[in-house]
Amino acid sequence: MENLIVAFNCVLPSFLIISLGAVIRHSKIVPEETFNHITKIAFHYLLPFLLFHNIYSTDLNTAVDAKLLSFLFLYVLIWFIIGFVVTKFVVPDRRQRGAYVQCFFRANIAIVGISMADTMMGAPGVAAMAMAIAVLVPLYNVLAVILLEVLRGGQVELKPTLISILKNPLILGCAVGILFLLTGLEVPASVLKAVGQVGTAGSVMTMLALGASFQLGGVRKNLRKVIIADFIKLILTPAIALILAVLLGFRGNDLCVILLCTAPSLATTAYTMAIARDSDHELTGQIVVTTSFFCCITLFIWIFVLKQIGLI
């Protein structure tokens, strides 16, 4: 019963905020396009402060775990290759293949992962997640660009891809946090408090916008495809990662970080990239929305199971 309550408490804050976003949208108090603006504001100006704050406020020796970061990097890379090969044989439509493959390797760790890390592990866990974001977000972007360009028959341009990654606000937030941490530059306590509050606001605003995006229109005609994709994203991908992690000796907070890097919903930017690169953006958007809702349920189950067997 205790483990059930712990799992429930971990998931409940995120679920309530996402649900509130859905309620606000359906109440029609604000125009629908407002939520797109909220997402952009949070992504470009608020979430980087959250990542900076949590990296700056942590102990570098405990936050940087080379074994953990190496595992996450290699898992994403290998799982991407497996997804690409498998879908080549079972998904004939190249435009839809991109949506499926992204479910293998890409997760919304900057929003769902960070929010739940704070509930599950506190500041040390958020700092560890921030380090994971610094490693995985660039990898996500590179692999997604390669994937979608190859599937539409285009050529991958390395320089623009690298420039876009370096301009990513989340990467900049992590980089500045690491710079301050390594150089010993001090931020006044009052300023650091304000930075933390701005970052928290970004997390809440983004999850509200995520809930507001929940629409089931059009899902019916792609229902079978969406169910398969959701299973890959929310069940299969974290299951394989956790099994391998346990066999390699990961436990406690490390295993929580691995869970939160593999089990959240498909990253919302996958939809934007699908539009830009002639992938099936309709299917991709439906996967983003449904995994955003159902990941609250599946994460609850994952946390409860791992607590029951004493791994976290």
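**Notebook: pockets, a cavity, a helix and a few residues**

**Entry 1: the second largest pocket**

I began with the second largest pocket, where helix H1 (2-27), H2, H6, H7 and H10 each supply at least two residues of the lining. A reminder to myself: this is a predicted model. What is the volume of the second largest pocket? I got about 300 Å³.

Next I looked up who lines this pocket. The lining of the second largest pocket has 17 residues, and Ile 114, Ser 115, Asp 118, Thr 200 and Ser 203 lie nearest its centre. Which helix gives the largest share of that lining? H10 does, with five residues. I then sorted the lining of the second largest pocket by class and found eight nonpolar residues, eight polar ones and one charged.

**Entry 2: the largest pocket**

On to the largest pocket, whose volume is about 1,500 Å³. I found 50 residues lining the largest pocket, and the closest to its centre are Thr 39, Thr 268, Thr 269, Tyr 271 and Thr 272.

Which helices build this lining? I noted down H2 (33-56), H6 (109-121), H7 (123-151), H8 (158-166), H9 (169-183), H10 (189-212), H13 (269-276) and H14 (281-308), each of which supplies at least two residues of the lining of the largest pocket. H2 gives the largest share, eight residues. By class, I wrote 22 nonpolar, 19 polar and nine charged for the lining of the largest pocket.

**Entry 3: helix H4**

H4 covers residues 66-90, which is 25 residues, and it reaches 36 Å from its first C-alpha to its last. That is close to the 36 Å expected at 1.5 Å a residue.

What caps the N-terminal end of H4? I found Asp 65 there, with a side-chain oxygen 3.1 Å from the backbone nitrogen of Lys 67.

I also checked which residues of H4 are buried, and my list reads Leu 68, Leu 69, Phe 71, Leu 72, Tyr 75, Val 76, Trp 79, Phe 80, Gly 83 and Thr 87. Looking for what covers the buried residues of H4, I found that the cover includes H5 (94-105), H7, H11 (223-247) and H12 (252-262).

**Entry 4: the cavity**

How many cavities of 30 Å³ or more does the whole structure hold? My search turned up one. The largest cavity has a volume of about 60 Å³. I counted 13 residues in its lining, with Tyr 75, Val 76, Phe 105, Cys 261 and Thr 262 closest to its centre. H4, H5, H7, H11 and H12 are the elements that give two or more residues to this lining.

H4 from the last entry turns up again, as it gives the largest share of the lining of the largest cavity, four residues. By class, the lining of the largest cavity has 10 nonpolar, two polar and one charged residues.

Buried or exposed: what is Thr 291? Thr 291, which is found in H14, is buried, because its relative accessible area is 0% and the cut-off is under 20%. Leaving out residues up to four places away in sequence, I saw Thr 291 touch Asp 230, Lys 233, Leu 234, Ser 265 and Leu 266. The side chain of Thr 291 also reaches the backbone oxygen of Val 288 at 3.2 Å.

I have Phe 300 down as partly exposed, with a relative accessible area of 23%. With residues up to four places away in sequence not counted, Phe 300 touches Leu 4, Ala 7, Phe 8 and Val 11. Phe 300 and Leu 12 are 288 residues apart along the chain, yet I found their C-alpha atoms separated by 8.8 Å.

**Entry 5: two loop residues**

Where is Lys 28 found? I located Lys 28 in the loop between H1 and H2. Lys 28 counts as exposed at 65% relative accessibility. I flagged its phi, which is positive at about 60° although Lys 28 is not a glycine. Most residues other than glycine have a negative phi.

Last, I looked up Glu 186 in the loop between H9 and H10. Glu 186 counts as exposed, at 72% relative accessibility. Glu 186 and Ser 164 are 22 residues apart along the chain, and I got 29 Å between their C-alpha atoms.

Technical notes
Residues are numbered from 1 along each chain as its sequence is written. This is a predicted model: local features need pLDDT of at least 70, side-chain atom pairs count only at pLDDT 80 or more; totals for chains, interfaces and linings use all residues. Side-chain values use heavy atoms; hydrogens and water are left out. On a 1 Å grid over the protein atoms alone, a cavity is a set of points where a 1.4 Å probe fits but cannot get out, and a pocket is an open set with protein on both sides within 12 Å along at least five of seven lines; lining residues have an atom within 4 Å of a point. Grid points are joined across faces, edges and corners, and a volume is the space filled by probe spheres set on the points. Ala, Val, Leu, Ile, Met, Phe, Trp, Tyr, Cys and Pro count as nonpolar, Asp, Glu, Lys and Arg as charged, and the others, Gly among them, as polar. The expected span of a helix is 1.5 Å times one less than its number of residues. Buried means under 20% relative accessible area, exposed over 50%, partly exposed in between (1.4 Å probe, protein chains only). Contact means heavy atoms within 4.5 Å. A polar contact is a pair of N or O atoms within 3.5 Å; within protein, one must be able to donate a hydrogen and the other to accept it, and residues adjacent in sequence count only if both atoms are side-chain atoms.
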